[in-house]
Amino acid sequence: MVSHEEVQAALSARIDGEPAGLDDAIVDAHVSNCAECRAFLDQALALSQEFGGTERPALDPPQDLSAVILASVDDEWRRLSHRRALGLAVGRILLLVMVVLWVLWAVSLIVAGGEEPVVASSASVRLGVALALAFTAWKPRQIPGVLLIVGTMFTFTVGFAVRDAVLATGQFEPVAVFIPFASVIALVWTWIADRGGEARRAWRVLGANPQ
Ligand SMILES: [Zn+2]
């Protein structure tokens, strides 16, 4: 005959996945005829489910559901605002690079062009654009107005470049198209980085179902 202690030790080992030391058939035969060992088995199974089982905790609702939801919303907001700050920093660097290019472009005109009024006028326009771009790097809210001016300049330079190419007159300067074009890109990039998040949030609010 096996003792209750031996059977219960074998049951514990079986629940823990260890070698029982007793034949399963002998243990099962004893448990089916012994109320004490059956009660031990039920208790041991309940305990192992509560502490070692994986199913039950997963089915339990989180302690504080609203805290979990708020934490994930906060993460999303942090991620978005981080991306906005990064995009804005890149845009400002692009704008400042363009400021340097416009100033250099104006200076090269003055150095090469002498005293003619047309040269002075063109150089002052380029310095004015450099100033306006520097202002938008500081205040991105002012981008639309400056974008209108630089965009118009870009359209004109493309128009003149096409005319020069078609009529084969004048000297086509790639830099005269590139600098306004790159400035438009820098302005649009910074404007999207600055205001894009607001547009996305507004869209999300409009799309959110209040019910
Ligand atoms: Zn027993």
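User: What share of the 211 residues in the protein is buried?

Analyst: A residue counts as buried when its relative accessible area is under 20%. This model is predicted, and in the protein 26% of the 211 residues are buried. The exposed surface comes to about 14,600 Å², and carbon and sulfur atoms supply 67% of that.

User: How many helices and strands does the protein have?

Analyst: There are eight helices and zero strands. Along the sequence this reads as α-α-α-α-α-α-α-α.

User: Which residues of α1 are buried?

Analyst: Start with the general idea. An α-helix makes one turn every 3.6 residues, so residues three or four places apart point the same way. In α1 the buried residues are Val7, Gln8, Ala10, Leu11 and Ala13.

User: What span is expected for α1, and what does it reach?

Analyst: At 1.5 Å a residue, 16 Å is expected. The 12 residues of α1 reach 16 Å from the first C-alpha to the last, close to that value. Just after α1 comes Gly17, with a positive phi of about 80 degrees.

User: Which residues coordinate the zinc ion?

Analyst: To read a metal site, list the donor atoms, then check the angles. Here the zinc ion is coordinated by ND1 of His4, NE2 of His30, SG of Cys34 and SG of Cys37, at 1.9 to 2.3 Å. The angles among the four donor atoms run from 100 to 116 degrees. Four donors count as tetrahedral if all angles lie between 85 and 135 degrees, so this site is tetrahedral.

User: How are the donor residues spaced in sequence?

Analyst: The spacing is H-x25-H-x3-C-x2-C. His4 lies in helix α1 (residues 4–15) and His30 in helix α2 (residues 24–33), so this pair ties together parts that are 26 residues apart in sequence.

User: Are those two histidines buried or partly exposed?

Analyst: One of each. His4 has a relative accessible area of 31% and is partly exposed. His30, at 12% relative accessibility, counts as buried.

User: What feature does UniProt place at residues 5–38?

Analyst: The unreviewed UniProt entry gives "domain: Putative zinc-finger" for residues 5–38. In the model, this span is 74% helix and 0% strand, and its end C-alpha atoms lie 12 Å apart.

Key
Residues are numbered from 1 along each chain as its sequence is written. This is a predicted model: local features need pLDDT of at least 70, side-chain atom pairs count only at pLDDT 80 or more; totals for chains, interfaces and linings use all residues. Side-chain values use heavy atoms; hydrogens and water are left out. Donors are N, O and S atoms within 2.8 Å of the metal (3.2 Å for Na, K and Ca); water is not among the atoms, so sites may look incomplete. Four donors count as tetrahedral if all angles lie between 85 and 135 degrees; four count as square planar and six as octahedral if opposite donors are over 155 degrees apart and all others between 65 and 115; anything else is irregular. Helices (H or I, at least four residues) and strands (E, at least two) are DSSP runs, numbered from the N terminus. Buried means under 20% relative accessible area, exposed over 50%, partly exposed in between (1.4 Å probe, protein chains only). UniProt positions are given in the numbering used here, feature names are shortened, and annotations may be inferred rather than shown by experiment. Accessible areas come from the Shrake-Rupley method with a 1.4 Å probe; for residues, only the protein chains shown count as cover. The expected span of a helix is 1.5 Å times one less than its number of residues.
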